[in-house]
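Let's take a friendly walk through this model, with an eye on its charged pairs and one of its helices. Have the structure open as you read.

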Amino acid sequence: MSRERVPDGQAARAGDRRAADAVVAEIERDIADGALENGAPLPPERDLMGRFGMSRTVVREAIATLTTRGLLDSKPRHRPIVRRPGYDAAFSAVGGVVTHLLRQENGVKTLYDVRIFLEASLVRHAALHARKDDIAALREALEQNRLAVNDPVAFDNTDVAFHAVFYRIPGNPVFPAVHRAFVDWLFEHWQTMTRSAAQNLVYHEDHRTIFDAVINRDPDAAEKALLSHLNKAWETVRGTF
């Protein structure tokens, strides 16, 4: 029985993929071992071609794969920058897919519901376990939010900063990375929201209600205030699409 012959071009492409996988594995080891430092530029393509004995096509395919995995930050006409594995890199690597999903029907609402579910748990945790320094961080973030009521850009930034404190309180590095990812993924919609000083004041008072529940060690009240706040904010968010 004769075996179907693989076209030469297809075989060559398969060979390039295997070669690129080998280059990817070597560079991944260099990043993990610290031979390639976080924030450092990747060696020039010509140097990589010489080191691995591979063509420019193979090296570029390897770079594309490493970029997709979040281990390189690649920009046109610039050498890629090494990114040491971390939760931020992991979420960044799927950012393109998430951006596409957000354009689907109910995509933004689906992600927003995840945020609500997570933050409801985080404010409950804060009410039960926040330490003195956590309370101080919340109080400072709340004050900065109050001072920014009349400045839409500053208010958005201080709004993000207030919520970010809750993601830091458990001490788990995944949560702050999740929050930064939420901000990145939803920023396009936040930018198009119209905000008045009066509306900002309402949101600030929501923040104060959440804060008061936390310092009173009342997780039920904290969750109730958070849900009211984010459901109210959703009415503004959904007007952006």
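By about how many helical turns are Lys109 and Asp113 separated in helix α6? The answer is about one, because the two residues sit four residues apart in that helix. Keep in mind that this is a predicted model.

**Salt bridges**

The count of salt bridges comes to 13.

| Pair | Closest N and O atoms |
|---|---|
| Lys109 and Asp113 | 2.6 Å |
| Asp30 and Arg51 | 2.8 Å |
| Glu223 and Arg124 | 2.8 Å |

The Glu223 pair links distant parts of the chain, with Glu223 in helix α11 and Arg124 in helix α6, 99 residues apart. Glu223 is partly exposed at 24% relative accessibility, and Arg124 is partly exposed at 26%. Salt bridges with shared partners also join Glu26, Arg29, Asp30 and Arg51 into one network.

Turning to Asp30, its salt bridge with Arg51 has closest N and O atoms 2.8 Å apart. Asp30 belongs to helix α1 and Arg51 to helix α2, so the pair ties together parts 21 residues apart in sequence. Asp30 counts as buried, at 13% relative accessibility, whereas Arg51 is partly exposed at 47%.

**Helix α10**

Helix α10 covers residues 197-215, and its 19 residues should span 27 Å at 1.5 Å a residue; the end C-alpha atoms are 27 Å apart, which agrees. Its buried residues, including Tyr203, His207 and Phe211, pack against α6, α7, α8 and α11. After α10 comes Arg217, with a positive phi near 55°.

**Domains**

The domain assignment gives domain 1 (8-82) and domain 2 (88-238), and their centres are 37 Å apart, taken over C-alpha atoms.

Conventions
Residues numbered from 1 in each chain as written. Predicted model: local features only at pLDDT ≥ 70, side-chain atom pairs only at ≥ 80, totals over all residues. Heavy atoms only, no water. Expected span 1.5 Å × (residues − 1). Buried < 20%, exposed > 50% of the residue type's maximum accessible area, 1.4 Å probe, protein only. Contact = heavy atoms within 4.5 Å. Domains from an automatic or database assignment. Salt bridge = Lys/Arg side-chain N within 4 Å of Asp/Glu carboxyl O.
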